[in-house]
Amino acid sequence: MGANEQVRSSGDPSSWAVAITLAVMAAIGLVAAANAHDLAFATHMWMVVAAAVVGLQAILVWTTNSDPEKRFDPTYYDDGIIKAGIAASVFWGLAGFLVGLVLALQLTWPNLFYFPDWGFTNFGRLRPLHTSAVIFAFGGNVLIATSFYVVQRTCRTRLAGGLWPWFVFWGYQLFIVIAATGYLMGVTQSKEYAEPEWYADIWLTVVWVAYLLVFLATIWKRREPHIYVANWFYLAFIVTVAMLHLVNNLSLPAAVGSKSYSVMAGVQSALTQWWYAHNAVGFFLTAGFLAIMYYFIPKRVDRPVWSYRLSIVHFWSLIFIYIWAGPHHLHYTALPQWAQTLGMTFSIMLWMPSWGGMINGLMTLSGAWDRLRTDPVVRMMVVSVAFYGMSTFEGPVLSIRAVNALSHYTDWGIGHVHSGALGWVGLISFGALYCLTQWVWKRERLYSNALVEWHFWIASIGIVLYIASMWVSGIMEGLMWRTYNEFGFLEYSFIETVSAKYISYIIRALGGGLFFVGSLIMTYNLIRTARGDVREEEDAVQAARPNLQPAE
């Protein structure tokens with residue numbers, strides 16, 4: 001962890017508390033593994049036991065060999081955990097993007113990329129692996145790393161909790177591994193964005209409560225009286241995701257095994273699921289990353305937020321309106337029409353706070369517009385805000401019942417999701433990772449701004465190819481599905497609609513491939529930056545620019 005991340009003394013209460021938690025976790029895992037009714041559950045329980053034993057051994061070695069006087073030194077920010085978060089974010093990002101590319105290739109050329117002898121590679125198992133890896137593994141680690149960085153700087157205090165922030169980090173990695181290996185073994189609840197089974201959900205609840213307490217305790221002991229707006233967005237993300245997770249995952253295990261049954265059924269289950277899924281988008285993929293926007297863009301361009309008053313209006317209106325928008329996913333279903341209309345109405349209302357936040361992010365560059373030309377990291381984050389504005393315009397349009405009749409279940413929805421996921425979440429995350437790597441390793445600049453330029457343009461072209469191909473494919477698909485012949489029968493069979501999308505799928509795979517290549521370029525750049533390397537040919541140009549490293 002490094003000298004600045006060491007524990008105060010061998011008797012530090014956080015060390016003992018984490019050790020006791022791990023010991024209890026190991027005991028429960030042993031009992032569960034011994035009584036497991038299926039191989040997948042037994043495998044996961046042995047993984048839990050192994051993780052707990054490794055954690056206990058790490059705590060023992062750490063407290064034995066480190067200097068008691070320098071452990072958890074309150075005069076230093078805990079940047080070791082930020083570095084670990086950057087590494088985890090990059091690793092899981094590459095894994096998630098690669099699986100997404102494989103899925104695009106499977107849909108385009110199934111005869112080449114389908115392997116019947118390897119059941120774990122089929123689309124049904126890889127698809128939730130992709131979505132969870134990108135959203136929760138990549139996105140979640142970016143949010144944890146940036147929130148721990150931002151809350152320390154804006155509160156001017158070290159992370160609270162002693163060893164607990166590290167418990168949050170490693171506990172979250174364990175959850176990711178359990179969820180991912182479960183998908184490959186066929187363990188799933190079959191709920192969108194909530195596929196992990198009951199025991200993984202319980203573990204995530206423990207980790208998430210620890211995350212909330214660490215974040216709240218850090219704010220509580222702040223030395224800055226004002227709570228910066230980014231922390232409000234992070235807090236809304238943490239609290240609301242906890243509520244969504246608990247309600248949507250209420251289930252009863254069938255036995256001491258990997259299968260469970262939801263407490264809710266029928267239309268109540270559907271409404272709860274899409275209340276959860278849409279607000280996972282709203283608070284995990286929107287509120288959390290808006291916190292990144294509100295800190296990293298002003299910090300990178302060395303300008304204040306354009307309108308702090310607008311940021312507060314943006315926050316309160318967004319969290320009050322977003323929570324009601326989920327029912328628009330259930331148009332033309334058994335859900336009562338008044339509930340469908342409620343979801344549609346609140347979705348349309350979301351235009352105002354969403355675009356208010358977009359305008360606030362873009363106008364923060366007032367007086368620093370030249371940075372779009374000179375700093376590719378700023379350009380990447382600003383373009384991500386533009387994608388946020390586009391996605392939050394398209395989403396309310398798709399929630400309108402008449403439009404939804406054409407778009408739902410088609411590739412249009414896939415294009416919409418990826419305009420937000422790749423354009424908004426992806427680019428703002430990349431920008432934050434570039435900033436964090438430079439700042440926490442205390443480098444004068446990135447290894448290569450030219451490589452950031454390459455990353456920006458390759459990824460941006462990939463995103464445009466992806467979403468444009470899915471728009472064309474989805475609208476064509478919806479129109480073909482609603483075309484009838486003179487006898488009142490459907491004009492096109494399902495296989496004809498699939499065949500008609502072939503060219504669009506090739507373009508989608510190309511776009512996804514470009515996005516993945518861009519992430520590889522970023523990874524190389526970040527590694528060289530962390531090592532302290534610089535491209536000599538860029539030194540002369542960089543010397544004429546201001547130091548972009550923030551003051552502590």
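In the predicted model, Asp 79 has a relative accessibility of 9% and is therefore classed as buried. Asp 79 forms a salt bridge with Arg 153, in which the closest N and O atoms lie 2.9 Å apart. The two residues are 74 positions apart and join distant parts of the chain, Asp 79 being placed in the loop between helix 2 (39-65) and helix 3 (80-108) and Arg 153 in helix 5 (residues 123-155). Arg 153 is likewise buried, at 11% relative accessibility.

A further salt bridge pairs Arg 156 with Glu 224, with 3.5 Å between the closest N and O atoms. This pair also links distant parts of the chain, 68 residues apart: Arg 156 belongs to the loop between helix 5 and helix 6, and Glu 224 to the loop between helix 7 (198-220) and helix 8 (229-248). Arg 156 is partly exposed, with a relative accessible area of 37%, and Glu 224 is partly exposed at 27%.

Across the whole structure, 11 salt bridges are found. Among them is the pair Asp 375 and Arg 371, whose closest N and O atoms are 3.5 Å apart. Both Asp 375 and Arg 371 are buried, and together with Arg 300 they make up a network of salt bridges.

Helix 6 (residues 164-184) comprises 21 residues and spans 30 Å from first to last C-alpha, close to the expected 30 Å. Of these 21 residues, 16 are buried. Gly 186, which follows helix 6, has a positive phi near 85°.

Trp 306 lies in the loop between helix 9 (266-301) and helix 10 (308-322) and is partly exposed, with a relative accessible area of 44%. Beyond its sequence neighbours up to four places away, Trp 306 contacts Ile 359, Asn 360, Met 363, Thr 364 and Ser 366.

Terms used:
Residues are numbered from 1 along each chain as its sequence is written. This is a predicted model: local features need pLDDT of at least 70, side-chain atom pairs count only at pLDDT 80 or more; totals for chains, interfaces and linings use all residues. Side-chain values use heavy atoms; hydrogens and water are left out. Helices (H or I, at least four residues) and strands (E, at least two) are DSSP runs, numbered from the N terminus. The expected span of a helix is 1.5 Å times one less than its number of residues. Buried means under 20% relative accessible area, exposed over 50%, partly exposed in between (1.4 Å probe, protein chains only). Contact means heavy atoms within 4.5 Å. A salt bridge is a side-chain nitrogen of Lys or Arg within 4 Å of a carboxyl oxygen of Asp or Glu.
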